[in-house]
Amino acid sequence: MFNSYIIKAVVLFVIGLICLIKGGDYFVDGATGIAKKFHVPEILIGATIVSIGTTLPEVMVSANGALKGVSAISYGNAIGSIICNTALIAAVTIAVAPALINKKELYVPVSFFFVSAAIFALNAYIFKGFSRITGIIFLVIFVVYIALQLKDALSNKNKPQEDDEEEEKPLSKNIILLLIGAALIAIGADLLVDNGIIIANALGVPESVIALTFVALGTSLPELVTAITSLAKGHGSLSLGNVIGANLFNIVLVSGISITLAPFSIPSAKTLFGMNASLLVDIPVMLAVMGILTVPALLNGKLKRSQGISLLVIYFAFIIFQLFI
């Protein structure tokens, strides 16, 4: 019985991975098609439409955890996903294909992220938890951000672009690709998370670290698939915009919905030097990796391979800490 149960979990895990791969392919095609149709910069599409689509798994997992009273899932999934998005997904993208970046297009999403992260940290360190008012504030920030991005996108849609030899698909087809891709991503991530946790538990991985590692990695797989697919198709800006946008949405949308549904205190299952390990490690690492990713890009207008390597080292050190320390 045990073996058949695990075999079923592994099969469903693989099916989820296949759904993610195809979903990422369709999603990137649809998103870049829409960007081309409306003459919108790819990084804006990545920071809005693609980010919302690839953040859907985090929203579903965290909201479900909040409603079931499992605050560690809601809290750990948001922080873990940001660390995974930045120190694994963006890091791989940069290490493989470092590129020049339009600094002006990064100012808004990066600024919104750090303001939201400051509010998140303030509640964690001072109030040791999150009230419903905080959740509502996060959701308001999300609405304001989307409104600003859409306003910027509409103001740029009529600007001329360089001719592209690739034939444009009809808008309806791009929208259908986007929706099918989002659906496959959501289904695939759901299968991966549910069955990944089953496999992890069978291997004896402590439940206290599942949210920050396995669940975070599972729900971040859409961003990873989108990043890899974007690189393969030559759309690096879409990948970076997606990661930054997804990180912002992990705070203002994922945490915002979870906190609004069910306010919670900071989980304290793991301690370090007699203090809550999350306050000593998780939140500082989350802020540090975003700083390493964005500050040099804003100052120099480019991403270097050394950034990607540094972020990967931090990510694997973080995973080792969560699993073995």
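1. Disulfides come first: this predicted model holds 0 of them. A disulfide would be a covalent bond between the sulfur atoms of two cysteines.

2. Next, helix H6, which runs over residues 171-202. After H6 comes Gly204, with a positive phi near 85 degrees.

3. Now to Ser278, which sits in helix H9 (residues 277-300). Is Ser278 buried or exposed? Its relative accessibility is 5%, so Ser278 counts as buried. Once neighbours within four places in sequence are set aside, the contacts of Ser278 are Tyr75, Ile79, Ile283 and Pro284.

4. Finally, the pairing of H9 with helix H10 (residues 305-324) deserves a look. Two packed helices are described by the angle and the distance between their axes. Here the axes come within 10 Å and cross at roughly 170 degrees, which means that H9 is roughly antiparallel to H10. On the H9 side, the residues that meet H10 are Ala277, Val281, Asp282, Val285, Val289, Ile292, Leu293 and Pro296. Their partners in H10 are Gln307, Leu311, Ile314, Phe318, Phe321 and Gln322. By class, the residues of this contact comprise 11 nonpolar, 2 polar and 1 charged.

Terms used. Residues are numbered from 1 along each chain as its sequence is written. This is a predicted model: local features need pLDDT of at least 70, side-chain atom pairs count only at pLDDT 80 or more; totals for chains, interfaces and linings use all residues. Side-chain values use heavy atoms; hydrogens and water are left out. Helices (H or I, at least four residues) and strands (E, at least two) are DSSP runs, numbered from the N terminus. The expected span of a helix is 1.5 Å times one less than its number of residues. Buried means under 20% relative accessible area, exposed over 50%, partly exposed in between (1.4 Å probe, protein chains only). Contact means heavy atoms within 4.5 Å. Axes are lines fitted to C-alpha atoms, for helices over the stretch in contact, and angles run from 0 to 180 degrees between N-to-C directions. Angles under 35 degrees count as roughly parallel, over 145 as roughly antiparallel, 65 to 115 as roughly perpendicular and the rest as oblique. Ala, Val, Leu, Ile, Met, Phe, Trp, Tyr, Cys and Pro count as nonpolar, Asp, Glu, Lys and Arg as charged, and the others, Gly among them, as polar. A disulfide is a pair of cysteine sulfur atoms within 2.5 Å.
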